[in-house]
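Me: Could you take a close look at the aromatic pairs and the packing around them? I would like one connected walk through that part.

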Amino acid sequence: MRGSSIKVAVATRTRMAAGILALAASVLAFPTSAETLVPQTKLRVGVIQWMPTKGMYERWDALGGDFVVSQDGTVVMPVIGPVSIGDLDTVGLAAEIAKRLQEKLALVDRPDTTVEILDYPPVYVVGDVTKPGEYRYREGMTVLQALALSGGRSRVRVRAFEDEARLVSELQSIETGILRSTARIARLEAEKQGAHGISFPAAAADDQSAQQIFAQERVIFTTRANELERQTGSLADLRELLSTEIDVLQEKIKAADASIRSAETELANVTGLVEKGIAVASRKSDLERALSSDRMDRLDQITAVMRARQAISEATRNEDGLRDRKQTEVAAELQAEQASLAELKRRRELSQKLLLDRLGSQQGAGAQEAQPTFTIIRRQNGLPVEIAASSATDVAPGDVVSVAGRQTPEASGPAATAEFSATDTSSEELGQ
């Protein structure tokens, strides 16, 4: 019996030791932090409890998990509901959750609870920076490190050069557009007047790009003229064919008239002979049928002539309509192109003015960039508060870092520019 009791005691102590090791492993798996918990912070809550009946620690996954601090500063937990964060850090929040679980579940001992920060709210960098936006927060981050993440100070000189290059490129594009529009108007004017060639502006005759544009417009002019000529030529050929057909039908009508007169004369003679009893009546009937057939053929030929003349009239109308539609299309295109040219000239004038203003401001600038000023916008008690900061000021999760440029008198002429960026700082300032 005594040996058996010793074995049970040893087994119990072994299970307790295993439970202690499990608790230590659990605590190591959920490191704590004394950081203040702000809205949008992602947390992982772990709950374990010593189970005397089992002689081991048991993890209560249903009571833990991943959570996010809401905008009103609470964490909604299973069973116990919302827990207000207030000024609690991870250690304080873990103690508060354990206390509420003990009260809610009527536990003898408080469950061991840990709170781990999985991710912080991002930091926002705005103002005079290269890449404004949101960036992931790291513990110990300073204003200078946030500035480095955003690409450093925006370079005013580079932006000014880019603006000037953009304006110059835009002016070149507008000039090309004006040249194309002018050439297109010249081609449309030639089509409208029915000219055999296009009169382009002589001022651009020596420009190679202008010559290419003029050549393209000449191809379009020739192609459209040939198309109109083919269509009108087909209609003219149709009218000529119909006229020839009418001439043939007229000859057939003349022949039919002669045949009808001959048949009428013969029928009159045969009728007299039949009345005298010299000729048989069947001869008279045959002549009457032949005369009726000749008259029907003549009517068909007259109808065919009328149809041919109608087709000639329709072909003439189609040709006139084709020319009218061509003139209407040319007039509409000409009007639209003239409006486009006026708009291009207006844009050219505006771009030239902007470029001259830009160049004038660059030449007359008497200041250069110096060290920036920093402002941190942080929510306190639900309200945004502006805090003056320096490059070494610590940044909190969810902060908005505003970077503003400051101008100082220029010391080395208009071309001198002092730029401040992440590349101008040492690794000691940025930190590891």
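Reply: Happy to. Rings of Phe, Tyr and Trp (its six-membered ring) count as a pair if their centres lie within 6.5 Å; planes under 30 degrees apart make the pair stacked, over 60 edge-to-face, and the rest tilted. By this rule there are two aromatic pairs. Please keep in mind that this is a predicted model, in which local features need pLDDT of at least 70, side-chain atom pairs count only at pLDDT 80 or more, and totals for chains, interfaces and linings use all residues. Residues are numbered from 1 along each chain as its sequence is written, and side-chain values use heavy atoms, with hydrogens and water left out.

Helices (H or I, at least four residues) and strands (E, at least two) are DSSP runs, numbered from the N terminus. Tyr-120 is buried at 11% relative accessible area, and Tyr-137 is buried at 7%. Here buried means under 20% relative accessible area, exposed over 50%, and partly exposed in between (1.4 Å probe, protein chains only).

Phe-200 and Phe-214 make a stacked pair, because their ring centres are 4.2 Å apart and their planes at 10°. Phe-200 sits in the loop between helix H4 (156–193) and helix H5 (208–276) and Phe-214 in H5, so this pair ties together parts 14 residues apart in sequence. Both Phe-200 and Phe-214 are buried.

Now to the nonpolar cores, which are sets of buried Ala, Val, Leu, Ile, Met, Phe, Trp, Tyr and Cys residues joined through side-chain atoms within 4.5 Å. The largest has 36 residues, of which Leu-43, Met-77, Leu-93 and Ile-97 touch the most other members. Elements giving two or more residues to this core include E6, E7, H3 and strand E12 (400–404). Leaving aside residues up to four places away in sequence, Leu-93 touches Leu-37, Leu-43, Val-83, Ile-85, Leu-88 and Val-115, where contact means heavy atoms within 4.5 Å. Another core, of 10 residues, lies apart from the largest one; Phe-200 is among its members, as are Leu-179, Ala-183 and Ile-213.

Finally, E12 has a covered face, Val-401 and Val-403, and an uncovered one, Val-400, Ser-402 and Ala-404.
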